[in-house]
Protein chains: 4
Amino acid sequence: MNSFGRIFKISIFGESHGKGLGVLIDGCPAGISLKEEDFRSSLLRRKSGKKGTTPRIESDEVSIDSGLFNGFTTGSPIILNFSNENIKSKDYNEIKKIPRPGHADLTASQKYNGFNDYRGGGQFSGRLTLAIVAAGVVAKKLLDGIEINAKITEVGGETDIENAVDKALKDGDSVGGLLQCNINGLPVGLGEPFFDSVESNISHLAFAIPAVKGIEFGIGFKAASSRASDINDSIINQSGKTKSNNSGGINGGITNGNELSFKVAIKPPASISKAQNSVNIETGKVEEFNIKGRHDACIALRFPVILESVAAIVLADFKLIRKTNYV
Amino acid sequence: MNSFGRIFKISIFGESHGKGLGVLIDGCPAGISLKEEDFRSSLLRRKSGKKGTTPRIESDEVSIDSGLFNGFTTGSPIILNFSNENIKSKDYNEIKKIPRPGHADLTASQKYNGFNDYRGGGQFSGRLTLAIVAAGVVAKKLLDGIEINAKITEVGGETDIENAVDKALKDGDSVGGLLQCNINGLPVGLGEPFFDSVESNISHLAFAIPAVKGIEFGIGFKAASSRASDINDSIINQSGKTKSNNSGGINGGITNGNELSFKVAIKPPASISKAQNSVNIETGKVEEFNIKGRHDACIALRFPVILESVAAIVLADFKLIRKTNYV
Amino acid sequence: MNSFGRIFKISIFGESHGKGLGVLIDGCPAGISLKEEDFRSSLLRRKSGKKGTTPRIESDEVSIDSGLFNGFTTGSPIILNFSNENIKSKDYNEIKKIPRPGHADLTASQKYNGFNDYRGGGQFSGRLTLAIVAAGVVAKKLLDGIEINAKITEVGGETDIENAVDKALKDGDSVGGLLQCNINGLPVGLGEPFFDSVESNISHLAFAIPAVKGIEFGIGFKAASSRASDINDSIINQSGKTKSNNSGGINGGITNGNELSFKVAIKPPASISKAQNSVNIETGKVEEFNIKGRHDACIALRFPVILESVAAIVLADFKLIRKTNYV
Amino acid sequence: MNSFGRIFKISIFGESHGKGLGVLIDGCPAGISLKEEDFRSSLLRRKSGKKGTTPRIESDEVSIDSGLFNGFTTGSPIILNFSNENIKSKDYNEIKKIPRPGHADLTASQKYNGFNDYRGGGQFSGRLTLAIVAAGVVAKKLLDGIEINAKITEVGGETDIENAVDKALKDGDSVGGLLQCNINGLPVGLGEPFFDSVESNISHLAFAIPAVKGIEFGIGFKAASSRASDINDSIINQSGKTKSNNSGGINGGITNGNELSFKVAIKPPASISKAQNSVNIETGKVEEFNIKGRHDACIALRFPVILESVAAIVLADFKLIRKTNYV
């Protein structure tokens with residue numbers, strides 16, 4: 001469904017080519033200072049326009065339309081709205097006939113009996129990550145003293161990221177990327193086992209973001225080929241500091257006070273200008289076709305702030321829930 | 001928290017060294033044939049006793065204590081109980097003093113102010129996967145025509161799995177493993193975006209299972225180093241069959257009717273007989289110590305049925321929710 | 001919290017004197033015809049302007065800003081927005097100093113540490129029932145063949161309702177009212193025991209509406225003074241039709257196919273022009289004061305459509321959940 | 001569904017004539033002293049055996065089977081089990097053929113396609129209130145300083161309660177009753193608008209209890225015939241104390257620090273020894289029949305502790321959630 005979180009709860013709405021999109025935030029405590037310019041830098045980090053990102057450029061100006069009074073949150077639901085302005089929907093007329101490989105065109109059409117808004121991918125567009133970033137800005141306000149930093153470590157398998165993007169652009173193709181997120185300053189005790197482990201909730205939200213294909217915490221997949229004697233993190237003081245950090249800052253689904261770290265794999269955007277094959281829904285025949293519309297060659301470039309927002313949203317919720325661990 | 005699912009909802013309870021453990025299943029439709037022997041083969045697959053698994057052997061006999069009448073589910077909550085019989089709790093007296101590296105001993109103690117049941121890891125024990133497997137048995141009953149198969153593909157980085165376990169055992173060490181899960185026969189349309197994508201819910205539940213460190217769907221982490229022209233799955237007929245399956249059977253968080261596939265990395269069990277270092281909580285000094293108790297050298301060996309259960313629980317819930325997509 | 005429902009889920013936002021208010025609807029199936037004029041008659045029934053209702057008249061024009069495409073719902077979240085236009089917030093400056101008896105002025109200020117938007121009662125205003133009525137319009141679309149009718153049966157203890165209102169207006173006072181809601185055409189089997197009985201969910205939502213002080217189902221409070229031999233409803237055919245209907249169409253929390261009926265007591269609006277006493281928060285002294293602002297003398301007059309909406313929202317959710325009772 | 005609460009969450013299971021019943025409590029903080037004898041007095045207050053209550057007498061001994069260690073809660077789920085011992089199920093063979101008026105026999109059979117456990121009403125039996133009372137005992141432990149008291153004020157319309165019960169017993173009939181619940185010592189600020197008002201959550205849980213037909217808060221139904229000038233509660237000091245208490249201690253769905261009060265109407269138990277009419281499901285003809293089995297003549301007599309438990313469960317949850325109102 002379109003809500004996430006137990007106390008700090010976000011609900012997302014909107015489409016790529018409709019009137020707009022946004023997020024409704026419930027459970028944010030009263031008294032948090034909030035103004036529209038607080039969103040600027042984060043929204044800018046997500047924004048397109050740089051090489052390798054879509055030529056569709058939106059102003060992405062947030063409008064805080066409820067839950068705010070005299071510059072502070074009121075304890076009532078906060079709604080953050082964005083409008084869609086730069087829309088070229090006729091680019092998408094063909095989607096109904098020839099569903100794009102790697103997109104939700106066909107699954108959405110089948111799931112919603114053809115009533116889905118297919119323009120620009122509708123609700124399945126990466127444009128909805130705008131709402132996640134906006135919610136992340138509010139979430140970060142609840143995480144005083146906690147530093148969340150995500151960065152791209154590889155694109156298309158290369159660490160020279162600009163080069164990898166250039167080559168893909170030249171070929172009318174797109175590339176995936178690898179991101180790493182590190183979080184410092186966390187208290188011990190966040191996370192609610194059995195089912196709401198830190199990894200569970202972060203991965204839940206991360207995989208809701210279009211293009212995420214994998215996630216690993218701490219040593220991650222390398223754990224499969226390791227021995228405990230190599231990767232167990234020795235505890236070196238009473239507050240739980242460890243010598244190494246292969247666990248990624250989590251034990252038993254609970255933060256252990258060390259750096260929380262995870263990596264995420266982002267796939268190459270499925271829309272490319274190169275010719276591809278897909279079925280023509282009307283005739284049942286496979287056709288070669290070219291995708292129109294404006295697209296990112298490397299969506300991973302826009303992901304660091306999205307991933308930080310994912311982490312912030314989950315941690316803000318955990319931080320509030322943590323208070324209910326005591327009477 | 002200790003519940004998972006929206007309609008087919010499971011709640012877990014119990015500890016490793018308490019009276020027992022179990023699972024409460026809500027939202028299971030009435031009229032499903034269910035008897036205690038239905039659980040036998042799955043519970044046996046999870047059971048220890050084979051080389052590389054713990055010498056603690058429990059009878060693991062399920063008791064269906066509510067929600068069943070004349071051999072069929074009634075629509076009321078189903079409670080499945082297991083008792084703990086083979087307990088040696090004195091092995092765990094030292095945990096309070098020297099928290100084991102890689103375990104939840106210290107985080108649990110800090111989170112619950114020292115009131116946690118630390119014996120055998122308490123609620124954080126792998127023993128609670130017994131409840132997951134039991135719930136999976138019921139979930140599979142709702143998934144007629146759907147085949148879920150998980151297998152170990154590597155242990156300690158080797159495909160000769162027995163050999164890898166032998167070497168670890170000989171060294172008083174433990175090894176991790178890699179698992180793959182494939183699901184066939186799924187209809188199109190399962191999964192509830194934006195936040196309840198198929199990947200979101202499977203990863204959420206998978207990461208609740210102790211020892212899981214990473215998950216990837218379809219091509220997974222390789223997507224990060226790929227181009228779209230290489231990994232986009234061409235759609236070859238009107239029902240959505242694709243030529244390749246790099247997406248892992250999911251588009252836009254929704255099943256596309258092709259094989260659903262994902263991989264999971266399992267870490268080596270943290271408890272090993274080799275000497276390790278950890279802090280003595282009372283003195284604040286780091287000590288060398290040896291872990292007592294009975295443990296698995298390769299918990300991954302017991303994971304195939306656990307992973308299948310994870311998938312089944314998520315898919316049973318999605319299947320029921322899917323019915324609410326229509327009036 | 002500000003969400004209600006399990007599958008057909010509504011989230012409310014906005015304030016009386018902010019930019020506007022609205023409702024976000026999740027879980028509405030795709031393919032439902034919906035247009036702005038569908039809301040007109042229901043919004044008109046709730047509207048003020050008649051004798052006994054507030055002179056604050058808003059246009060109350062709904063804007064459907066997501067989840068709609070080509071006139072049909074898409075399966076994505078539907079957001080319904082209303083703007084506030086006719087605002088006289090300076091009327092409310094005094095609330096901070098002298099909290100109005102019978103209002104949430106003081107409790108809201110204490111709960112939210114003084115950060116609540118007190119203008120016009122903020123989120124506690126009856127204006128938010130506009131969002132409930134809007135959600136009810138969508139809910140009713142899912143309830144084909146089901147007739148929901150609410151009416152006022154008494155005002156201020158009188159059945160000559162106009163007269164009772166006239167007298168209150170003349171005295172600068174306000175009056176309460178009694179409403180009855182009858183629902184026909186329901187199938188057997190709606191309601192999800194143990195905790196989500198039909199009565200539970202209807203009462204939950206009804207008591208969220210400001211001014212509701214009591215609710216009873218079927219024979220209601222008279223049951224307390226009755227004997228079973230007088231009120232048991234004899235079942236007269238195999239589909240469950242009963243001779244009498246003292247149960248109000250519900251047995252065991254589940255609809256029994258007979259008319260569903262309940263009554264609700266609405267208190268007189270707390271804001272009246274007559275002088276009242278309340279504490280001055282700054283001085284701690286009780287003062288006589290007069291409430292400014294524009295208010296209803298009998299909010300019950302605007303309640304029939306609100307109550308129908310409450311019933312429709314609950315029943316739409318139950319109807320969708322009912323489908324998950326089967327595999 | 002069979003769970004209730006957001007943080008302090010209870011899940012109920014079991015049947016009247018199955019192996020047993022119980023409640024699973026999630027979200028209870030660690031460190032609460034709890035032992036089996038803590039339940040004794042509350043369970044005794046609910047127990048039958050007195051005149052007017054069923055001759056089925058169960059030992060009602062609670063077994064705390066998880067979540068407890070060394071006499072304190074651990075923060076893990078607490079499961080409380082009760083067994084059924086005094087069962088005479090053959091009394092219920094006729095229910096399948098002739099559904100009892102006023103019971104869930106027919107609605108449950110229709111909802112669950114005939115798979116429901118009809119013996120003794122199955123999950124719809126008043127016996128499940130045992131689990132509510134047990135959960136209430138734990139909830140009350142979180143409510144230090146808060147006094148919850150419920151009492152019967154009328155039975156069958158009379159204040160001489162014993163007399164009313166005697167007359168009903170003599171006639172082979174049953175009687176309803178009226179209960180009042182008063183709660184003192186509450187802080188200001190409990191309750192979570194918009195939808196989780198104090199009234200909403202109390203009424204939700206109260207109406208889940210079989211036999212409840214109506215609920216009112218404070219002045220309740222009398223509000224409908226009142227004027228604001230008569231019932232507005234003047235605020236007389238800065239902490240919000242009011243001169244009168246017609247609001248029942250709640251403003252805007254939030255506790256205002258005054259006494260919380262509500263009344264509940266309980267219907268007469270539907271099972272009576274007097275002859276009644278109902279349809280024979282096999283023949284479709286209405287027949288006169290007599291109900292077998294052992295039943296209460298006045299279930300209201302057992303309700304005070306049930307109602308207190310309802311209030312305690314709701315308030316414990318609100319108290320924990322209240323902590324999340326602040327960062």
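Me: Which residue forms a salt bridge with B:Arg227, and how far apart are the closest N and O atoms?

Reply: A salt bridge is a side-chain nitrogen of Lys or Arg within 4 Å of a carboxyl oxygen of Asp or Glu. In this predicted model, B:Arg227 is bridged to A:Asp171, with 2.4 Å between the closest N and O atoms. Between chain B and chain A, five salt bridges are counted.

Me: On what basis are such values and names given?

Reply: Local features need pLDDT of at least 70 and side-chain atom pairs pLDDT 80 or more, while totals for chains, interfaces and linings use all residues; side-chain values use heavy atoms, without hydrogens and water. Residues are numbered from 1 along each chain as its sequence is written, with chains lettered from A and ligands numbered from 1 in the order in which they are written.

Me: How many residues does each chain bring to the contact?

Reply: Contact means heavy atoms within 4.5 Å. Here, chain A and chain B each bring 108 residues.

Me: What area do the two chains bury between them?

Reply: Buried area is the accessible area (1.4 Å probe) that two parts lose on being put together, summed over both. For chain B and chain A this is about 8,000 Å², with 59% of it on carbon and sulfur atoms. In chain B, the residues losing the most area to chain A are B:Lys111, B:Phe194 and B:Phe195, together 12% of what that side buries.

Me: Which strands are joined across the two chains?

Reply: Strands (E, at least two residues) are DSSP runs, numbered from the N terminus, and two strands pair if DSSP finds at least two bridges between them. Strand S10 (residues 212-217) of chain A and strand S10 (residues 212-217) of chain B run antiparallel, joined by three bridges. A:Ile215 has B:Ile215 as its bridge partner.

Definitions and conventions
Helices (H or I, at least four residues) and strands (E, at least two) are DSSP runs, numbered from the N terminus.
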